[in-house]
Amino acid sequence: MIEIAGVVSDFGDALDFIFSTREAQTGGVEVGGLSEVWEFTWEHLKVSFAAIGVACAIAVPVGLALGHAGKGELLAISLSNVGRAVPSLALIAFFVAYIGVGFTNVMLALVLLAIPPILTNTYVGVRQVDREVIDAGKGMGLRPHQVVQRIELPLALSSIFGGIRTSAVNVVATATIAPLAGVLTLGDYILSANVYGPDGRLAGAMLVAVLALTVELVFAAIQRAVEPRGLQTTT
Amino acid sequence: MHLADAAPVLGQVEIRDRSEASCISENKLCPGWIVDNFDRYTDPLAQHLYLTVTSVVIGFVIAFALALIARRRRWLVGPIVGFTGVLYTLPSLAVFFLLLPITGRGSTTAIIALTAYTLQIIFRNIVLGLQNVPEEARDAGRGVGLTDRQLLWRVELPLAIPDIVAGLRIATTSTVGLATLAVFAGAGGLGEQIISGSNITFKTGVVAAGGLAVLLAFALDVILLGVQRVLTPWRRVQPA
(Lines give C-alpha, C1' and ligand atoms only; values in the text may rest on other atoms or scores of the structure.)
Protein backbone atom coordinates (compact mmCIF):
# COMPACT_ATOMS: atom_id res chain seq x y z
CA MET A 1 0.00 0.00 0.00
CA ILE A 2 2.87 2.33 0.84
CA GLU A 3 4.26 1.63 -2.63
CA ILE A 4 1.05 2.72 -4.29
CA ALA A 5 1.01 5.86 -2.20
CA GLY A 6 4.62 6.49 -3.24
CA VAL A 7 3.79 6.09 -6.92
CA VAL A 8 0.79 8.39 -6.63
CA SER A 9 2.84 11.04 -4.88
CA ASP A 10 5.56 10.74 -7.59
CA PHE A 11 2.97 11.54 -10.24
CA GLY A 12 1.56 14.32 -8.06
CA ASP A 13 5.01 15.89 -7.76
CA ALA A 14 5.40 15.65 -11.53
CA LEU A 15 2.11 17.50 -12.03
CA ASP A 16 3.29 20.11 -9.58
CA PHE A 17 6.44 20.54 -11.71
CA ILE A 18 4.26 21.28 -14.75
CA PHE A 19 2.16 23.92 -13.03
CA SER A 20 4.66 25.76 -10.83
CA THR A 21 8.28 26.76 -11.24
CA ARG A 22 11.01 25.60 -8.91
CA GLU A 23 14.77 25.95 -8.60
CA ALA A 24 16.81 23.70 -10.89
CA GLN A 25 18.72 20.77 -9.36
CA THR A 26 21.87 22.47 -10.55
CA GLY A 27 20.84 25.62 -8.72
CA GLY A 28 20.45 29.22 -9.81
CA VAL A 29 17.76 29.10 -12.48
CA GLU A 30 14.04 28.47 -12.25
CA VAL A 31 12.67 25.47 -14.15
CA GLY A 32 9.24 23.95 -14.68
CA GLY A 33 5.99 25.83 -14.74
CA LEU A 34 3.50 26.35 -17.51
CA SER A 35 5.40 28.98 -19.48
CA GLU A 36 8.50 26.80 -19.82
CA VAL A 37 6.36 23.75 -20.58
CA TRP A 38 4.66 25.72 -23.32
CA GLU A 39 8.00 26.89 -24.71
CA PHE A 40 9.27 23.29 -25.03
CA THR A 41 5.92 22.08 -26.39
CA TRP A 42 6.01 24.79 -29.04
CA GLU A 43 9.56 23.84 -30.07
CA HIS A 44 8.48 20.19 -30.14
CA LEU A 45 5.52 20.97 -32.40
CA LYS A 46 7.53 23.33 -34.60
CA VAL A 47 10.28 20.85 -35.43
CA SER A 48 7.76 18.00 -35.85
CA PHE A 49 5.36 19.83 -38.14
CA ALA A 50 8.14 21.41 -40.19
CA ALA A 51 9.43 17.90 -40.82
CA ILE A 52 6.00 16.49 -41.64
CA GLY A 53 5.30 19.38 -44.00
CA VAL A 54 8.54 18.90 -45.92
CA ALA A 55 8.04 15.13 -45.98
CA CYS A 56 4.52 15.57 -47.43
CA ALA A 57 5.80 18.01 -50.05
CA ILE A 58 8.25 15.35 -51.21
CA ALA A 59 6.47 12.05 -50.62
CA VAL A 60 2.94 12.84 -51.81
CA PRO A 61 3.86 14.03 -55.35
CA VAL A 62 6.36 11.20 -55.78
CA GLY A 63 3.86 8.65 -54.50
CA LEU A 64 1.13 10.03 -56.79
CA ALA A 65 3.44 9.96 -59.81
CA LEU A 66 4.66 6.43 -59.13
CA GLY A 67 1.16 5.21 -58.36
CA HIS A 68 -0.32 6.86 -61.44
CA ALA A 69 2.36 5.34 -63.68
CA GLY A 70 2.19 2.02 -61.84
CA LYS A 71 5.97 2.03 -61.58
CA GLY A 72 8.46 1.70 -58.77
CA GLU A 73 6.34 -0.65 -56.68
CA LEU A 74 9.43 -2.26 -55.20
CA LEU A 75 10.81 1.15 -54.19
CA ALA A 76 7.53 2.40 -52.77
CA ILE A 77 6.87 -0.72 -50.72
CA SER A 78 10.36 -1.64 -49.59
CA LEU A 79 11.17 1.93 -48.60
CA SER A 80 8.90 1.73 -45.60
CA ASN A 81 10.30 -1.67 -44.63
CA VAL A 82 13.84 -0.34 -44.73
CA GLY A 83 12.68 2.84 -42.97
CA ARG A 84 11.29 0.80 -40.11
CA ALA A 85 14.59 -1.01 -39.66
CA VAL A 86 16.63 2.18 -39.16
CA PRO A 87 16.47 3.10 -35.46
CA SER A 88 15.39 6.72 -34.98
CA LEU A 89 18.07 7.16 -32.32
CA ALA A 90 20.72 6.04 -34.81
CA LEU A 91 19.30 8.41 -37.43
CA ILE A 92 19.48 11.41 -35.08
CA ALA A 93 22.94 10.36 -33.90
CA PHE A 94 24.07 10.03 -37.51
CA PHE A 95 22.99 13.59 -38.23
CA VAL A 96 24.66 14.88 -35.07
CA ALA A 97 27.94 13.10 -35.84
CA TYR A 98 28.13 13.86 -39.57
CA ILE A 99 26.18 17.05 -40.17
CA GLY A 100 25.89 18.78 -36.82
CA VAL A 101 23.35 19.89 -34.28
CA GLY A 102 20.53 22.42 -34.60
CA PHE A 103 16.94 22.87 -35.71
CA THR A 104 17.46 22.32 -39.45
CA ASN A 105 19.48 19.14 -38.99
CA VAL A 106 16.99 17.61 -36.59
CA MET A 107 14.20 18.55 -38.96
CA LEU A 108 15.99 16.87 -41.88
CA ALA A 109 16.51 13.70 -39.86
CA LEU A 110 12.81 13.70 -39.01
CA VAL A 111 11.94 14.28 -42.69
CA LEU A 112 13.82 11.09 -43.59
CA LEU A 113 11.88 9.30 -40.87
CA ALA A 114 8.54 10.68 -42.08
CA ILE A 115 8.87 10.06 -45.83
CA PRO A 116 8.54 6.25 -46.06
CA PRO A 117 5.05 5.79 -44.54
CA ILE A 118 3.63 8.73 -46.54
CA LEU A 119 5.19 7.58 -49.81
CA THR A 120 4.08 3.99 -49.35
CA ASN A 121 0.54 4.93 -48.34
CA THR A 122 0.19 7.39 -51.21
CA TYR A 123 1.39 4.77 -53.67
CA VAL A 124 -0.88 2.05 -52.28
CA GLY A 125 -3.81 4.48 -52.08
CA VAL A 126 -3.51 5.36 -55.75
CA ARG A 127 -3.02 1.76 -56.84
CA GLN A 128 -6.13 0.73 -54.93
CA VAL A 129 -8.35 3.01 -56.97
CA ASP A 130 -10.71 0.90 -59.04
CA ARG A 131 -9.46 0.64 -62.65
CA GLU A 132 -13.03 1.00 -63.87
CA VAL A 133 -13.39 4.38 -62.18
CA ILE A 134 -10.24 5.58 -63.92
CA ASP A 135 -11.41 4.19 -67.26
CA ALA A 136 -14.75 5.93 -66.78
CA GLY A 137 -12.87 9.18 -66.15
CA LYS A 138 -10.80 8.71 -69.29
CA GLY A 139 -13.98 7.91 -71.21
CA MET A 140 -15.39 11.25 -70.09
CA GLY A 141 -12.36 12.91 -71.66
CA LEU A 142 -10.21 13.59 -68.59
CA ARG A 143 -6.55 14.19 -69.31
CA PRO A 144 -3.91 12.26 -67.33
CA HIS A 145 -3.30 15.12 -64.87
CA GLN A 146 -7.05 15.48 -64.40
CA VAL A 147 -7.28 11.76 -63.66
CA VAL A 148 -4.69 12.29 -60.93
CA GLN A 149 -6.33 15.44 -59.55
CA ARG A 150 -9.96 14.51 -59.72
CA ILE A 151 -10.02 10.75 -59.30
CA GLU A 152 -6.82 9.24 -57.92
CA LEU A 153 -5.95 11.94 -55.37
CA PRO A 154 -9.42 12.24 -53.80
CA LEU A 155 -9.87 8.48 -53.62
CA ALA A 156 -6.37 7.99 -52.19
CA LEU A 157 -6.71 10.85 -49.71
CA SER A 158 -7.76 8.70 -46.76
CA SER A 159 -4.83 6.36 -47.32
CA ILE A 160 -2.45 9.32 -47.73
CA PHE A 161 -3.60 10.83 -44.45
CA GLY A 162 -3.25 7.42 -42.85
CA GLY A 163 0.42 7.57 -43.82
CA ILE A 164 0.75 11.15 -42.58
CA ARG A 165 -0.83 10.09 -39.30
CA THR A 166 1.67 7.24 -38.86
CA SER A 167 4.54 9.60 -39.66
CA ALA A 168 3.24 12.35 -37.40
CA VAL A 169 3.01 10.07 -34.36
CA ASN A 170 6.45 8.69 -35.16
CA VAL A 171 8.01 12.12 -35.64
CA VAL A 172 6.49 13.54 -32.45
CA ALA A 173 7.80 10.51 -30.54
CA THR A 174 11.26 10.87 -32.06
CA ALA A 175 11.40 14.64 -31.51
CA THR A 176 11.66 13.64 -27.84
CA ILE A 177 15.33 12.83 -28.38
CA ALA A 178 15.97 16.08 -30.29
CA PRO A 179 17.69 17.69 -27.25
CA LEU A 180 20.59 15.31 -27.99
CA ALA A 181 21.02 17.44 -31.12
CA GLY A 182 20.55 20.75 -29.35
CA VAL A 183 16.85 21.35 -30.04
CA LEU A 184 15.05 21.85 -26.75
CA THR A 185 11.80 19.93 -27.08
CA LEU A 186 9.80 18.39 -24.25
CA GLY A 187 12.37 15.59 -24.31
CA ASP A 188 14.78 17.88 -22.49
CA TYR A 189 12.83 17.23 -19.28
CA ILE A 190 13.52 13.53 -19.78
CA LEU A 191 17.10 13.67 -21.03
CA SER A 192 18.44 16.33 -18.67
CA ALA A 193 17.20 14.89 -15.41
CA ASN A 194 20.27 16.32 -13.68
CA VAL A 195 18.75 19.78 -14.25
CA TYR A 196 15.04 19.12 -13.86
CA GLY A 197 15.16 16.34 -11.30
CA PRO A 198 13.07 13.17 -11.19
CA ASP A 199 9.82 15.18 -11.00
CA GLY A 200 10.73 17.01 -14.18
CA ARG A 201 11.62 13.77 -15.91
CA LEU A 202 8.31 12.14 -15.03
CA ALA A 203 6.50 15.34 -16.03
CA GLY A 204 8.31 15.21 -19.38
CA ALA A 205 7.24 11.61 -19.93
CA MET A 206 3.61 12.54 -19.14
CA LEU A 207 3.69 15.56 -21.46
CA VAL A 208 5.24 13.62 -24.35
CA ALA A 209 2.68 10.85 -23.93
CA VAL A 210 -0.23 13.31 -23.93
CA LEU A 211 1.20 15.15 -26.93
CA ALA A 212 1.57 11.93 -28.96
CA LEU A 213 -1.99 10.83 -28.12
CA THR A 214 -3.34 14.26 -29.07
CA VAL A 215 -1.54 14.20 -32.42
CA GLU A 216 -2.88 10.70 -33.09
CA LEU A 217 -6.46 11.75 -32.28
CA VAL A 218 -6.27 14.92 -34.38
CA PHE A 219 -4.86 13.10 -37.41
CA ALA A 220 -7.36 10.26 -37.04
CA ALA A 221 -10.12 12.89 -37.16
CA ILE A 222 -8.56 14.53 -40.22
CA GLN A 223 -8.25 11.15 -41.91
CA ARG A 224 -11.97 10.55 -41.41
CA ALA A 225 -12.84 14.06 -42.54
CA VAL A 226 -10.96 13.91 -45.86
CA GLU A 227 -12.57 10.69 -46.99
CA PRO A 228 -14.96 11.46 -49.89
CA ARG A 229 -18.50 11.44 -48.52
CA GLY A 230 -19.60 8.75 -50.94
CA LEU A 231 -17.13 6.30 -49.42
CA GLN A 232 -17.77 7.03 -45.77
CA THR A 233 -20.47 4.43 -45.25
CA THR A 234 -18.00 1.63 -45.92
CA THR A 235 -15.64 1.69 -42.99
CA MET B 1 49.22 -15.01 -45.40
CA HIS B 2 52.34 -15.46 -47.47
CA LEU B 3 55.69 -15.96 -45.93
CA ALA B 4 57.92 -12.96 -46.30
CA ASP B 5 60.55 -12.30 -43.66
CA ALA B 6 59.33 -10.93 -40.37
CA ALA B 7 60.43 -7.31 -40.44
CA PRO B 8 58.36 -5.96 -43.39
CA VAL B 9 55.27 -7.69 -42.02
CA LEU B 10 55.71 -6.02 -38.65
CA GLY B 11 56.26 -2.76 -40.49
CA GLN B 12 52.99 -3.17 -42.32
CA VAL B 13 51.04 -3.82 -39.16
CA GLU B 14 52.49 -0.75 -37.55
CA ILE B 15 51.61 1.46 -40.48
CA ARG B 16 48.04 0.17 -40.50
CA ASP B 17 47.69 0.77 -36.76
CA ARG B 18 49.03 4.28 -36.98
CA SER B 19 46.69 5.22 -39.83
CA GLU B 20 43.80 3.74 -37.89
CA ALA B 21 44.62 5.74 -34.78
CA SER B 22 44.83 8.93 -36.81
CA CYS B 23 41.58 8.01 -38.56
CA ILE B 24 39.91 7.76 -35.17
CA SER B 25 41.51 10.89 -33.75
CA GLU B 26 40.35 12.84 -36.81
CA ASN B 27 36.88 11.34 -36.21
CA LYS B 28 36.37 9.89 -39.68
CA LEU B 29 34.53 6.74 -40.59
CA CYS B 30 37.02 3.95 -39.91
CA PRO B 31 35.83 0.45 -40.88
CA GLY B 32 39.11 -1.03 -39.65
CA TRP B 33 38.39 0.23 -36.15
CA ILE B 34 34.98 -1.46 -36.14
CA VAL B 35 36.57 -4.79 -37.11
CA ASP B 36 39.30 -4.46 -34.48
CA ASN B 37 36.93 -3.34 -31.71
CA PHE B 38 34.02 -5.57 -32.54
CA ASP B 39 34.15 -7.20 -29.11
CA ARG B 40 32.83 -4.02 -27.50
CA TYR B 41 29.61 -4.51 -29.48
CA THR B 42 28.98 -8.18 -28.72
CA ASP B 43 27.44 -7.66 -25.27
CA PRO B 44 25.20 -4.74 -26.33
CA LEU B 45 24.17 -6.76 -29.41
CA ALA B 46 23.27 -9.75 -27.23
CA GLN B 47 21.26 -7.48 -24.89
CA HIS B 48 19.53 -5.95 -27.88
CA LEU B 49 18.62 -9.37 -29.22
CA TYR B 50 17.37 -10.44 -25.79
CA LEU B 51 15.19 -7.32 -25.38
CA THR B 52 13.73 -7.69 -28.87
CA VAL B 53 13.01 -11.41 -28.82
CA THR B 54 11.60 -11.39 -25.28
CA SER B 55 9.30 -8.45 -26.04
CA VAL B 56 8.02 -9.90 -29.31
CA VAL B 57 7.48 -13.35 -27.81
CA ILE B 58 5.54 -11.99 -24.81
CA GLY B 59 3.67 -9.63 -27.13
CA PHE B 60 2.76 -12.55 -29.38
CA VAL B 61 1.50 -14.67 -26.47
CA ILE B 62 -0.70 -11.84 -25.15
CA ALA B 63 -1.96 -10.83 -28.61
CA PHE B 64 -2.66 -14.45 -29.49
CA ALA B 65 -4.71 -14.96 -26.34
CA LEU B 66 -6.61 -11.73 -27.02
CA ALA B 67 -7.25 -12.79 -30.62
CA LEU B 68 -8.63 -16.17 -29.52
CA ILE B 69 -10.96 -14.44 -27.07
CA ALA B 70 -12.04 -11.96 -29.73
CA ARG B 71 -12.66 -14.80 -32.20
CA ARG B 72 -15.64 -15.92 -30.12
CA ARG B 73 -16.73 -12.45 -29.04
CA ARG B 74 -16.42 -10.27 -32.13
CA TRP B 75 -17.54 -7.12 -30.31
CA LEU B 76 -14.27 -7.18 -28.37
CA VAL B 77 -12.15 -6.52 -31.49
CA GLY B 78 -12.93 -2.78 -31.53
CA PRO B 79 -12.11 -2.11 -27.86
CA ILE B 80 -8.94 -4.23 -28.01
CA VAL B 81 -7.70 -2.46 -31.15
CA GLY B 82 -8.51 0.87 -29.48
CA PHE B 83 -6.70 0.05 -26.25
CA THR B 84 -3.63 -1.49 -27.88
CA GLY B 85 -3.66 1.50 -30.25
CA VAL B 86 -3.14 3.81 -27.30
CA LEU B 87 -0.22 1.65 -26.14
CA TYR B 88 1.17 1.75 -29.68
CA THR B 89 0.91 5.53 -29.87
CA LEU B 90 2.65 6.25 -26.56
CA PRO B 91 6.32 7.00 -27.29
CA SER B 92 8.51 4.28 -25.80
CA LEU B 93 10.82 6.83 -24.24
CA ALA B 94 7.87 8.31 -22.35
CA VAL B 95 6.66 4.87 -21.28
CA PHE B 96 10.09 3.98 -19.88
CA PHE B 97 9.91 6.93 -17.52
CA LEU B 98 6.20 6.60 -16.76
CA LEU B 99 6.99 3.07 -15.58
CA LEU B 100 10.05 4.14 -13.63
CA PRO B 101 8.21 4.88 -10.33
CA ILE B 102 6.51 1.49 -10.62
CA THR B 103 9.05 -0.96 -12.01
CA GLY B 104 12.32 0.92 -11.56
CA ARG B 105 15.28 0.97 -13.94
CA GLY B 106 16.29 -2.09 -15.91
CA SER B 107 15.31 -4.55 -18.57
CA THR B 108 11.88 -5.29 -17.00
CA THR B 109 10.79 -1.72 -17.65
CA ALA B 110 12.17 -1.80 -21.19
CA ILE B 111 10.50 -5.13 -21.97
CA ILE B 112 7.10 -3.98 -20.65
CA ALA B 113 7.24 -0.87 -22.84
CA LEU B 114 8.44 -2.73 -25.94
CA THR B 115 5.88 -5.50 -25.44
CA ALA B 116 3.06 -2.98 -25.12
CA TYR B 117 4.18 -1.49 -28.42
CA THR B 118 3.99 -4.81 -30.32
CA LEU B 119 0.47 -5.80 -29.19
CA GLN B 120 -1.60 -3.90 -31.73
CA ILE B 121 0.40 -4.92 -34.80
CA ILE B 122 0.37 -8.60 -33.86
CA PHE B 123 -3.26 -8.66 -32.66
CA ARG B 124 -4.54 -7.00 -35.83
CA ASN B 125 -2.69 -9.44 -38.05
CA ILE B 126 -3.90 -12.53 -36.20
CA VAL B 127 -7.50 -11.29 -36.41
CA LEU B 128 -7.01 -10.43 -40.09
CA GLY B 129 -5.49 -13.83 -40.79
CA LEU B 130 -8.38 -15.66 -39.15
CA GLN B 131 -10.84 -13.50 -41.09
CA ASN B 132 -9.10 -14.26 -44.37
CA VAL B 133 -9.59 -18.01 -44.00
CA PRO B 134 -11.88 -19.01 -46.90
CA GLU B 135 -15.32 -20.13 -45.78
CA GLU B 136 -14.92 -23.23 -48.03
CA ALA B 137 -11.93 -24.34 -45.96
CA ARG B 138 -13.99 -24.05 -42.77
CA ASP B 139 -16.86 -25.94 -44.37
CA ALA B 140 -14.51 -28.68 -45.53
CA GLY B 141 -13.15 -28.95 -41.99
CA ARG B 142 -16.63 -29.21 -40.51
CA GLY B 143 -17.51 -31.71 -43.24
CA VAL B 144 -14.80 -34.12 -42.10
CA GLY B 145 -16.11 -33.82 -38.56
CA LEU B 146 -13.67 -31.40 -36.89
CA THR B 147 -14.80 -29.83 -33.65
CA ASP B 148 -14.58 -26.08 -33.28
CA ARG B 149 -11.28 -26.36 -31.44
CA GLN B 150 -9.82 -28.71 -34.06
CA LEU B 151 -11.05 -26.37 -36.77
CA LEU B 152 -9.14 -23.52 -35.15
CA TRP B 153 -5.85 -25.37 -34.68
CA ARG B 154 -5.84 -27.51 -37.84
CA VAL B 155 -7.50 -25.28 -40.42
CA GLU B 156 -7.82 -21.65 -39.43
CA LEU B 157 -4.48 -20.99 -37.70
CA PRO B 158 -2.33 -22.77 -40.31
CA LEU B 159 -4.05 -20.83 -43.09
CA ALA B 160 -3.58 -17.60 -41.12
CA ILE B 161 0.18 -18.12 -40.73
CA PRO B 162 1.23 -15.78 -43.58
CA ASP B 163 -0.77 -12.89 -42.08
CA ILE B 164 0.42 -13.67 -38.56
CA VAL B 165 4.06 -13.82 -39.66
CA ALA B 166 3.61 -10.55 -41.57
CA GLY B 167 2.55 -8.94 -38.28
CA LEU B 168 5.44 -10.50 -36.38
CA ARG B 169 7.89 -9.22 -38.99
CA ILE B 170 6.66 -5.63 -38.68
CA ALA B 171 6.62 -5.90 -34.88
CA THR B 172 10.12 -7.39 -34.76
CA THR B 173 11.70 -4.85 -37.10
CA SER B 174 10.10 -1.95 -35.21
CA THR B 175 11.12 -3.39 -31.86
CA VAL B 176 14.77 -3.67 -32.91
CA GLY B 177 14.63 0.05 -33.71
CA LEU B 178 12.90 1.00 -30.48
CA ALA B 179 15.19 -1.18 -28.38
CA THR B 180 17.99 1.29 -29.16
CA LEU B 181 16.13 3.58 -26.75
CA ALA B 182 16.19 0.93 -24.00
CA VAL B 183 19.45 2.41 -22.79
CA PHE B 184 17.38 5.25 -21.32
CA ALA B 185 15.54 2.70 -19.20
CA GLY B 186 18.88 1.34 -18.00
CA ALA B 187 18.52 -1.84 -20.03
CA GLY B 188 21.62 -1.51 -22.23
CA GLY B 189 21.47 -2.61 -25.85
CA LEU B 190 23.09 -1.03 -28.89
CA GLY B 191 21.74 2.40 -27.95
CA GLU B 192 24.34 2.48 -25.19
CA GLN B 193 27.04 2.63 -27.86
CA ILE B 194 25.25 5.59 -29.44
CA ILE B 195 24.51 7.91 -26.53
CA SER B 196 26.73 7.09 -23.56
CA GLY B 197 29.61 9.49 -22.94
CA SER B 198 30.56 11.39 -26.08
CA ASN B 199 29.62 8.49 -28.35
CA ILE B 200 27.03 10.53 -30.21
CA THR B 201 29.71 12.58 -31.98
CA PHE B 202 31.93 9.54 -32.63
CA LYS B 203 31.18 8.90 -36.31
CA THR B 204 32.56 5.38 -36.54
CA GLY B 205 30.75 4.28 -33.38
CA VAL B 206 27.40 5.71 -34.49
CA VAL B 207 27.64 3.90 -37.82
CA ALA B 208 28.74 0.67 -36.16
CA ALA B 209 25.93 0.60 -33.58
CA GLY B 210 23.25 1.83 -36.00
CA GLY B 211 24.45 -0.55 -38.70
CA LEU B 212 24.37 -3.50 -36.30
CA ALA B 213 20.79 -2.64 -35.34
CA VAL B 214 19.76 -2.58 -39.01
CA LEU B 215 21.56 -5.88 -39.66
CA LEU B 216 19.89 -7.43 -36.62
CA ALA B 217 16.49 -6.32 -37.92
CA PHE B 218 17.17 -7.87 -41.33
CA ALA B 219 18.54 -11.07 -39.82
CA LEU B 220 15.46 -11.56 -37.63
CA ASP B 221 13.25 -10.74 -40.63
CA VAL B 222 14.93 -13.43 -42.73
CA ILE B 223 14.54 -15.93 -39.87
CA LEU B 224 10.82 -15.18 -39.59
CA LEU B 225 10.41 -15.61 -43.35
CA GLY B 226 12.19 -18.95 -43.05
CA VAL B 227 9.87 -20.00 -40.23
CA GLN B 228 6.91 -19.12 -42.40
CA ARG B 229 8.23 -21.23 -45.28
CA VAL B 230 8.76 -24.22 -43.00
CA LEU B 231 5.30 -23.87 -41.43
CA THR B 232 3.43 -23.47 -44.73
CA PRO B 233 4.83 -26.18 -47.02
CA TRP B 234 1.68 -26.11 -49.19
CA ARG B 235 2.45 -22.60 -50.35
CA ARG B 236 5.73 -23.70 -51.89
CA VAL B 237 4.00 -26.11 -54.27
CA GLN B 238 1.79 -23.45 -55.80
CA PRO B 239 3.13 -19.97 -55.28
CA ALA B 240 0.07 -17.79 -54.82
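**One leucine and its surroundings**

Modeller: Leaving out neighbours within four places in sequence, L202(A) is in contact with D10(A), F11(A), A14(A), F97(B) and P101(B); contact means C-beta atoms, placed from the backbone, within 7 Å. This is a predicted model, where local features need pLDDT of at least 70, side-chain atom pairs count only at pLDDT 80 or more, and totals for chains, interfaces and linings use all residues. Residues are numbered from 1 along each chain as its sequence is written, while chains are lettered from A and ligands numbered from 1 in the order in which they are written.

Colleague: Is L202(A) buried or exposed?

Modeller: A residue is buried if 20 or more other C-beta atoms lie within 10 Å of its own, exposed if 12 or fewer, and partly exposed in between. L202(A) counts as buried because it has 26 such neighbours.

Colleague: Which helix holds L202(A)?

Modeller: Helices are DSSP runs (H or I, at least four residues), numbered from the N terminus. L202(A) sits in α9 of chain A, residues 193-226.

Colleague: How many residues of chain A are in contact with chain B?

Modeller: On chain A 29 residues are in contact with 30 of chain B. α9(A) gives the most to that side of chain A, with 9 residues.

Colleague: Where does α5(A) bend?

Modeller: The bend is the angle between axes fitted to the seven residues ending at a residue and the seven starting there. α5(A) bends by about 30° at I115(A), with a proline, P116(A), following within four residues. Also, 19 of its 25 residues are buried, so α5(A) is largely enclosed by the rest of the structure.

Terms used. Helix = DSSP H or I, 4+ residues; strand = E, 2+ residues; numbered from the N terminus. Contact = placed C-beta atoms within 7 Å.
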